[in-house]
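Subject: Handover of a structure and notes on its contents

Dear colleague,

Please find below the structure that I am handing over to you. My notes on what was found in it follow directly after.

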Amino acid sequence: NRETLKYLGMKQRFGKYVYEDGSIYIGQWDSHGLRHGMGRLEYDEEKRSYYVGEFNRGAVEGLGVMHTPYFILQGQFKQGKLDGVGRCMRCDGLKYEGEFREGQMKGLGLVTFPDGTHGTPTCEGMFDGLRMVARRNAREMVMKAVQIANAASQIKVI
């Protein structure tokens, strides 16, 4: 998917593009007309689903925040999915902070329930998808995930 700046009618490397499906990108572009650098991609007209953060050669990649009506993802992205460390907050208040691989909870992390507790026994340890496969101390990884997620939440694009 190569977005070209000629359709934008401008020479600068920052601008807005409206796609045929109604999604809108506002942000930086590279010399080939690909989303690159900081930007905001709105997936629907009601602006309920959007991503704010870094792009790399057209892809959602780097530090960012993705909002949908069902969850908020904050952290490190690769090819449009959380990959690295970050935070997933569901609309029902459930939260996971820790490691992700290809958009899935994978690695060390901590689950926080809507009431603020972590379960009995604590849901802290090694995760593989939605399952905790081993109880382990994940405090250092969770602290890193919180730092990265908080940094992502500070990103602002016009």
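A salt bridge is taken here as a side-chain nitrogen of Lys or Arg within 4 Å of a carboxyl oxygen of Asp or Glu. By this criterion the side chains of R101 and E99 meet in a salt bridge, at 3.7 Å from N to O. Please note that the model is a predicted one.

Salt bridges

The structure holds six salt bridges. In the contact between R101 and E99, R101 counts as partly exposed because its relative accessibility is 37%, whereas E99 is buried, with a relative accessible area of 14%. Another salt bridge joins D92 to R90, whose closest N and O atoms are 2.5 Å apart. D92 is partly exposed at 42% relative accessibility, and R90 is likewise partly exposed, with a relative accessible area of 40%. E97 forms a salt bridge with K95, and here the closest N and O atoms are 4.0 Å apart. E97 is buried at 7% relative accessibility, while K95 is partly exposed at 26%. R87, K95 and E97 are linked in a network of salt bridges.

Eleven strands make up an open sheet with antiparallel pairing, in the order β1-β2-β3-β4-β5-β6-β7-β8-β9-β10-β11. Its edge strands are β1 (14–18) and β11 (131–135), each of which pairs on one side only. On average, and with direction ignored, neighbouring strands of this sheet are turned by 20 degrees against each other.

Strand β7 (residues 81–90) and strand β8 (residues 95–101) run antiparallel and are joined by six bridges.

Aromatic rings

A pair of aromatic rings is described by the distance of the centres and the angle of the planes. There are eight aromatic pairs in the structure. One of them is formed by Y51 and F55, which are edge-to-face, with 5.3 Å from centre to centre and 90 degrees between the planes. Y51 and F55 are both buried. For Y96 and F100, the ring centres are 5.2 Å apart and the planes stand at 85 degrees, so this pair is also edge-to-face; planes over 60 degrees apart are counted in that way. Y96 and F100 are both buried as well.

Ring pairs also link Y17, Y19, Y25, W29, Y51, F55 and F77 into a cluster.

Charges over rings

The charged end of R40 sits over the ring of Y50, 4.0 Å from the ring centre.

With kind regards

Definitions and conventions
Residues are numbered from 1 along each chain as its sequence is written. This is a predicted model: local features need pLDDT of at least 70, side-chain atom pairs count only at pLDDT 80 or more; totals for chains, interfaces and linings use all residues. Side-chain values use heavy atoms; hydrogens and water are left out. Rings of Phe, Tyr and Trp (its six-membered ring) pair if their centres lie within 6.5 Å; planes under 30 degrees apart count as stacked, over 60 as edge-to-face and the rest as tilted. Buried means under 20% relative accessible area, exposed over 50%, partly exposed in between (1.4 Å probe, protein chains only). A charge sits over a ring if NZ of Lys or CZ of Arg is within 6 Å of the ring centre and within 35 degrees of the ring normal. Two strands pair if DSSP finds at least two bridges between them. Helices (H or I, at least four residues) and strands (E, at least two) are DSSP runs, numbered from the N terminus. Axes are lines fitted to C-alpha atoms, for helices over the stretch in contact, and angles run from 0 to 180 degrees between N-to-C directions.
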